[in-house]
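Hello,

Here is the structure I promised to pass on to you. Please have a look at it first, and then read my notes below.

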Amino acid sequence: MNAYEVPVGRDTECFSAANVIGVLMPPKSRAVPDVAAEIRRALENPIKTDRLCTLAQGKHTAAIVVNDITRPYPGRQMVEGLLEELHKAGVEDAGISLIMAYGHHRDNTEDELRQMLGNELMERLTVVHHHAEDPDTLKTLGMTSMGIPVEVNARFAEADVKITTGCITPHQLAGFSGGRKSILPGISGMNALKQHHSFPIRPEETSLGWLEGNPFHHQAVQAARIAGVDFIVNSVDNAKREMIRCVAGDLEAAHAEGVTICRQVWGAKMPEKADIVVVSPGGYPRDFDLHQSQKALGCAEMLCKPGGTIILCARMQDGAGRPGAVLENAANPQEVVQAFRQTGYTPQALSKAYMIARAMERFHIFVASCAVPKETLRNMFFEPFDTVQGAVDAAVEEAGPNATILVVPYASDTLPLK
C-alpha cells in the first residue's frame, strides 16, 4: 500500500490504499513572483481593447464586480490595480462601487469581506450586496436569443464604466468560470437564473471544459454583452491558489486567452475509469458547504465506472444548506431528479440537489471527514465516514480487493483529459 493525501477543510488528511491507478493532479505551474506586478502588466497590455484609463476618460462612475468568499482569487489586488487605472482617468473613489457577485449565494459577512478586500478598500469604496430576488435592485436591459431576461444589478447597469473580475477554472456547467459568469449568474436576477440554469439551456451532464456549442456559455456571453461589460480582469491559479497568469481586456478575447492557459494548467490525463474515485474539492473554501463541495462530484462522475463508489472528502463547515434540505425532504434521489426535470431551477437549490441526486442514481456516494452530522448525511442518501481511510477501506471491502482507485485532490478545478 502507498500513502496519499487530500485537502479537507483547512488541513489535509492521509490514507493508504493499494491498486491506485492514478492521482489526477494538474501539472506543476510556477506562480508569478509578484501578483500586483502581474495584474499591472495585464492592465497595461489589455487584449483587444484600449486601456481602462482610456476607456474611462470623461466618466464619473464605475462598477467593479468581485467574487464572493467561495471563489478564492486575488480580488483585492485586482481592485487596487483597477483603481489606479480609474484614477488616471479622473474617476474618484466616491463614484466607484464594488458589486458582490453572489448569484443566489448568501451574503458574505463583514469579517469575510474584510478578509477578501482588506480594511482600506472597505473604507474607501461602496460595497453593494447583490440580491437576485429583490426586483427593486435590478434593471432589465434586454433579452438573449433563447429568451433569458437580462436583468442585472441596477448599480452595475447604471454605472458609466462596467468592469468584472474573476478567476478562470474548469466549470461543470459553463465549461470554464470567469468572464461572462460574473454577470450571469453573478449579478443577475432570479428570473434570469431560473431560465439559465434549467433545461434546455443547462447541459444534461457534467460539462467541464466544454465551450463551443454549450448554450449555458453562449447565453451568458450574450447577457454580458447586453449588460455592457467594458473590461474584465481574470486570473488563472494553480493548485496552491497562486496566480499563474492574469488576463485583462475584452470580455470574450481576454477570457479566451485565459481559458487556453487554464486548459494547460488544470488539464490532467485520466488513465481509465476506476471502481473507486476519491475526490476532494480542494479544501477550504472549496469545501465550504455542500453547495460548493458538489463540484467535486461533477469531476468524479467523469472518472468513475457505472455502479462504482465516489468518496467525497469535504469538511462542509457551513453545513448542507438548501440543497441538503431538498435531499432530506425527498423519498429518494430519483424523486429529486424528476422534480428538477419538471420544475427547473428554484431558489431552494433544486438545481444543485439535482446534480447530487444525478450522481447518486449511478454511483455509491460516501462522504468522509464532514462536519455535517452523520444522521443528516444519511437522510440525504450519503454514506458518512469519520475518516477518509475508513471510507476507502469500506469501499474496497464492498468492491473487492482488486478494485481500482483514482485520487483527485483538487477535483472542483481539475479537468480530466482522455
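Rings of Phe, Tyr and Trp count as a pair here if their centres lie within 6.5 Å, with planes under 30 degrees apart called stacked and planes over 60 called edge-to-face. By that rule, ring pairs join Phe199, Phe340 and Tyr354 into a cluster. Please keep in mind that this is a predicted model.

Let me stay with the rings for a moment. Searching the whole structure turns up six aromatic pairs. One of them is edge-to-face: Phe199 and Tyr354, at 5.9 Å centre to centre and with 90° between the planes. Phe199 sits in the loop between helix H7 (190-196) and helix H8 (215-227), while Tyr354 belongs to helix H13 (residues 350-362), so this pair ties together parts that are 155 residues apart in sequence.

Phe340 and Tyr354 are both buried.

Next, the nonpolar cores. The largest one has 91 residues, and Phe156, Val277, Val279, Leu327 and Phe382 have the most contacts inside it. A second, separate core holds 38 residues, among them Ala56, Val66, Tyr102 and Leu121. This brings to mind a general point: in soluble globular proteins, nonpolar side chains tend to be buried together.

The largest cavity has a volume of about 650 Å³, and its lining is made up of 37 residues, with Arg71, His105, His171, Lys181 and Lys295 nearest its centre. Strand E9 (161-167), strand E10 (170-171), helix H10 (290-301) and H13 each give two or more residues to that lining.

The largest pocket holds about 330 Å³ of space. It is lined by 22 residues, and Pro72, Tyr73, Pro74, Gly75 and Met116 are the closest to its centre. Helix H3 (75-88) and helix H4 (110-117) are the elements that give two or more residues to the lining of this pocket.

A few backbone details may interest you too. There is a cis peptide bond from Leu184 to Pro185, with omega near 20°; Pro185 is in the loop between strand E11 (175-176) and H7. The bond from Tyr284 to Pro285 is cis as well, with omega near 0°, and Pro285 is found in the loop between strand E15 (274-279) and H10. Tyr284 has a further feature: Arg10 lies over the face of its ring, at 3.8 Å from the ring centre.

Finally, two residues other than glycine have a positive phi. Asn19 has a value of about 60° and lies in the loop between strand E2 (11-17) and strand E3 (20-23), where Asn19 is partly exposed at 37% relative accessibility. For Ser369, phi is near 55°; Ser369 is in the loop between strand E17 (364-368) and helix H14 (374-379) and is buried, with a relative accessible area of 5%.

Best wishes

Terms used. Residues numbered from 1 in each chain as written. Predicted model: local features only at pLDDT ≥ 70, side-chain atom pairs only at ≥ 80, totals over all residues. Heavy atoms only, no water. Core = buried A, V, L, I, M, F, W, Y, C linked by side-chain atoms within 4.5 Å. Buried < 20%, exposed > 50% of the residue type's maximum accessible area, 1.4 Å probe, protein only. Helix = DSSP H or I, 4+ residues; strand = E, 2+ residues; numbered from the N terminus. Lys NZ or Arg CZ within 6 Å of the ring centre and 35° of its normal. 1 Å grid on protein atoms, 1.4 Å probe; cavity = no way out; pocket = protein on both sides within 12 Å on 5 of 7 lines; lining within 4 Å. Points joined across faces, edges and corners; volume = space filled by probe spheres on them.
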